[in-house]
Amino acid sequence: MAGTSRRGFIAGGTWCLDRNRRIDAWPREDSVAIAWGLEERGGGPACNLAIDIKRIDPSIPVETIGLVGNDEAGRKLITEAERAGLGHRQMHVSDEAPTHTTEAFISQASGLRTHISDLGVSALLSPDHFDFSGTSARFLHLGLPGIHPTMDAPWGDNANGWVTVLKAARAARLETNLELCTVTPECLRGLILPCLPHLDTLIVNDSEIGALAETETMRAGRTDIDACAAASAAILQKGAMRLVTVHFPEGAITVTRPGEKIFVPSVKVPQTVIVGPNGAGDAFAAGFMYGLHEHWAIKDCLWLGHAAAACSLRSAGTTDGVVGWKQCLDTARQWGSR
């Protein structure tokens, strides 16, 4: 574990331009849906968590590492990083492919989101783009395995490029966290299990922990909290993490290596304020990790994670709804818990 005198975050991995639209309902094939409200915003964990942390506490140093194309979309993302106050010297620009773009649709009928991505330069991201020399940050937040073909492939003697980056981060005395992507369970296990020995924390959703542990975590359409806890305990034994946190609509649970289990219900967000779920998972991770950074009790970290996620639901963009940590907590207090 890194020395706790270190301060700040590095968010590395996916940078993409999200083209967020609301649609009336997701269409069946060979039919039509009506879309409106196009908003272009940065997306991906190297963007979302970095900006969320700066929104939660502007005094925290935050760096980002990623790859964009030498095009209008890439320039928009660099401008967004600058506007947010991120250290972006490792936001690399490539002439070899266009910037990764994602069409992000939010269905008004179901409240669910659908993402369609053109990976562009994300296919070229490699461990060579990551340099941790000289950093004084405490945490590395890294993602997304499954959509970066070069990083997903073996790298040197390592199972994949993610392992290479995590090893380098820990050698530089960073604490490491990994964000996952919605890919097939088999793909997820193949990519993530080799990374577990090189992680300090793991923050995932109920589906992802079930896929990793090969455990069913849903019962009759609802999250089975006991199953999530059991799956977390099993995954802890496969890695070096000091804790695993699982979030889901009804709440979140943290399981620690000594076996402590802490459950906190989520915020009861009024339906009238919800615009879309894009970025809610990133906001939860940002709130939770900010609490860890500030040495809060786990239950308070979980509650801030819920509060930040609840605030993020007020916007179609992935980061626009997140505010300062005190405002997040005030808003959550007004709305109450489930």
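Helix H1 (residues 45-56) packs with helix H8 (residues 280-293) at an angle of about 50 degrees, and their axes lie 9 Å apart. Axes are lines fitted to C-alpha atoms, for helices over the stretch in contact, and angles run from 0 to 180 degrees between N-to-C directions. Helices (H or I, at least four residues) and strands (E, at least two) are DSSP runs, numbered from the N terminus. The model is predicted: local features need pLDDT of at least 70, side-chain atom pairs count only at pLDDT 80 or more, and totals for chains, interfaces and linings use all residues. Residues are numbered from 1 along each chain as its sequence is written, and side-chain values use heavy atoms, without hydrogens and water.

H1 and H8 are therefore oblique to each other (under 35 degrees counts as roughly parallel, over 145 as roughly antiparallel, 65 to 115 as roughly perpendicular, the rest as oblique). From H1, Pro45, Asn48, Leu49, Asp52, Ile53 and Ile56 meet Asp282, Ala283, Ala285, Ala286, Gly287, Met289 and Tyr290 of H8 (contact means heavy atoms within 4.5 Å).

Nine strands make up an open sheet with mixed pairing, in the order E5-E4-E1-E8-E9-E10-E13-E14-E15. Two strands pair if DSSP finds at least two bridges between them. Strands E5 (87-94) and E15 (261-265) are at the edges, each with a single partner strand, so one side of each has no neighbour in the sheet. The twist averages 15 degrees from one strand to the next.

Strand E1 (residues 9-13) runs parallel to strand E4 (residues 62-69), joined by four bridges. Ala11 has Thr64 as its bridge partner in E4. H1 lies across E1, E4 and strand E8 (139-143), at about 160 degrees to E1. H8 runs at about 145 degrees to strand E13 (243-248).
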